[in-house]
Protein chains: 2
Amino acid sequence: MLVRAVYNLMKMGPTSANCSPARFLFLRSAEAKERLRPHLIESNVEKTMSAPVTAIIGYDLEFYEKIPKLFPHNPEAKSWFDSNEKLAATTAFRNGTLQGGYFIIAARALGLDCGPMSGFDNAGVDREFFPGGRVKSNFLCNLGYGDSDKLFPRSPRLDFEEACEIL
Amino acid sequence: MLVRAVYNLMKMGPTSANCSPARFLFLRSAEAKERLRPHLIESNVEKTMSAPVTAIIGYDLEFYEKIPKLFPHNPEAKSWFDSNEKLAATTAFRNGTLQGGYFIIAARALGLDCGPMSGFDNAGVDREFFPGGRVKSNFLCNLGYGDSDKLFPRSPRLDFEEACEIL
């Protein structure tokens, strides 16, 4: 299944202490999509309902429970995080988002088109899909094969001099 | 120059409303590296001082000033952010970090090895390199050609079933 291939490629990207906090819900069924619908902004509804799969990319605030498996050369790294809630939350968001970037690139590398979206109610999605409170939603990503006729042209990027400096 | 090629590849990755908040300082000179040294944790000093280039990946909290250039089909998108400091800060961190992920993948695609690091004092780096307060440091990334003999083997990743669910 293609979502497994995307995961097995993106999971290789680096994270702090290999902490790998990203978690993925792949919404494929009509029932799952309907649970998401009320939390989307209006302009994201139609494209999400018609996408073959919508991924909810989240991050696990207690990712450190898996550090003994993930960082075997120093399982004590768990203690860097389990005693410091603020550091754990920042690490989960930063590294979960890095993994979101790897996810988009991996999906594209495997031939999929991606429609990543921040236009939704994170708190509502969390209540519906992550009621335990341990995992937080980060962003959504529609996956499928897009119709380029429906897209506006790629927008300009910042020039090197606008975004970068060499010291 | 290779850092320009990395930037010109990574900049193509998607961000919310094409907001492109990541900013990059490439530390190449000995003087610039010495300014960074006191803010590194001890285990990151030697490898950073010996790397050909160390990138400070930051994000611009006032990224929305560039939205009229970046999102020409709807320049009003600037108002989504300039009236909501919390949304702007979250958007800057999330999308600046996504761009950090694109940066790592782009550098590797161009043959570089990457040593990304969170082990440093963000506040100290911000005072030294971003004194205006508008740009915040996110993470560091050493760039060069690594010696695989000095690395420990790749650590295990989470299995699909540990990180993913299909609904």
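Modeller: In this predicted model, helix α7 (residues 122-129) of chain B lies across β1, β2 (53-60) and β4 (135-144) of chain B, at about 95° to β4(B). Contact means heavy atoms within 4.5 Å; helices (H or I, at least four residues) and strands (E, at least two) are DSSP runs numbered from the N terminus. Axes are lines fitted to C-alpha atoms, for helices over the stretch in contact, with angles from 0 to 180 degrees between N-to-C directions.

Colleague: Which order do the strands of the open sheet follow?

Modeller: Strands of a sheet pair through backbone hydrogen bonds, either parallel or antiparallel. Here five strands follow the order β5(A)-β1(B)-β2(B)-β4(B)-β3(B), with mixed pairing; a pair needs at least two DSSP bridges. The edge strands are β5 (164-166) of chain A and β3 (113-117) of chain B. β5(A) pairs with β1 (residues 22-27) of chain B in the parallel sense over three bridges, and A:Ile166 stands opposite B:Phe26.

Colleague: What area is buried between chain B and chain A?

Modeller: The size of an interface is often given as the accessible area lost when the parts come together. Here about 5,400 Å² is buried, as accessible area (1.4 Å probe) lost by two parts on being put together, summed over both. Carbon and sulfur atoms give 62% of that area.

Colleague: How many salt bridges are counted between the chains?

Modeller: The count is six, each a side-chain nitrogen of Lys or Arg within 4 Å of a carboxyl oxygen of Asp or Glu. A:Glu162 and B:Lys69 form a salt bridge (2.7 Å, N to O).

Colleague: Which conventions apply?

Modeller: Residues are numbered from 1 along each chain as its sequence is written, and chains are lettered from A and ligands numbered from 1 in the order written. Local features need pLDDT of at least 70, side-chain atom pairs count only at pLDDT 80 or more, totals for chains, interfaces and linings use all residues, and side-chain values use heavy atoms, leaving out hydrogens and water.
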